[in-house]
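Student: Hi! Could you walk me through a few pieces of this fold?
Tutor: Happy to, let's bring it up.

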Amino acid sequence: MAHRLAPGFADPVHEGQAVFRAAMEALSRPGRIRPLVTALAPPAPLTPELAALALALTDADTPVWLDAPLRADPAVAGFLRFHTGAPLVAAPGEAAFALIADPAHCPPFTDFAQGTPAYPDASATLILAVDTLSDEAGPAFAGQVFAGPGIRGTARLDAGPLPAAWAARWAANHAGFPLGIDCLFVAPGRLAGLPRSARPVGAEALPGSEALPCT
């Protein structure tokens, strides 16, 4: 029996604009946690936050790649096609956006579009649904520290689960700037961004670090 298609935004214009603005602010203030509240109830394992960003950021001109858990249920593809019109592509390198429900098995960054010297913006943005998402200092902090545009001093970001080689991947991704991928991390009710311009720094930079305030 066919499943009833889950609804999209109740107010597509205003909700879409609010989520789009949150995503842009997250990328312009790397590492800073922002609220991302949505009433969406998409088919699992597509989380409400992944769905909200997909509805706000993608359309018929933005190819989307889904990781294996998202591809496993046809209801996910049906929801995204109906509400966004975005073409779903088979290869990561063909995607403008990648939705990743199992970030611990995220493919290598080099599998995704990196942009070109003439068009560095022709690269992929990865949207990862994580369990842990924090920018707080403390003895339990297990994330990375970053510097760069949009950050006053340094910023912390603890997200997971991620692949064991994530730190090395990000260092190589930043080294290729202005080419490379950007990342958005979502957890229940929360969002953070990490653009390719974010430079990883040593843990010794932790004291006194903070993200620039949003203006």
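Below, we chat about a helix pair and then a strand with its partners.

Tutor: One thing before we start: this is a predicted model.

Student: Which residues make the contact?
Tutor: From α2 there are Ala-51, Ala-54 and Leu-55, while α4 brings Phe-79, Leu-80, His-83 and Thr-84.

Student: And how many of those in the contact of α2 with α4 are nonpolar, polar or charged?
Tutor: Five are nonpolar, two are polar and none is charged.

Student: New topic. Is strand β9 covered or exposed, and how many of its residues are buried?
Tutor: Strand β9 (residues 182-187) is mostly covered, with six of its six residues buried.

Student: Which residues sit on each side of β9?
Tutor: Asp-182, Leu-184 and Val-186 are on one side, and Cys-183, Phe-185 and Ala-187 are on the other.

Student: Which strands does β9 pair with?
Tutor: Strand β4 (residues 125-129) pairs with β9 in the parallel sense over five bridges, and Leu-126 stands opposite Cys-183. Strand β10 (residues 190-194) runs antiparallel to β9, also joined by five bridges. There, Leu-184 has Gly-193 as its bridge partner.

Student: What about the turn in the β9 and β10 hairpin, how many residues lie between them?
Tutor: Two residues lie between the strands, and Gly-189 in the turn has a positive phi of about 75 degrees.

Methods:
Residues numbered from 1 in each chain as written. Predicted model: local features only at pLDDT ≥ 70, side-chain atom pairs only at ≥ 80, totals over all residues. Heavy atoms only, no water. Contact = heavy atoms within 4.5 Å. Helix = DSSP H or I, 4+ residues; strand = E, 2+ residues; numbered from the N terminus. Nonpolar A, V, L, I, M, F, W, Y, C, P; charged D, E, K, R; others polar. Buried < 20%, exposed > 50% of the residue type's maximum accessible area, 1.4 Å probe, protein only. Pairing = 2+ DSSP bridges.
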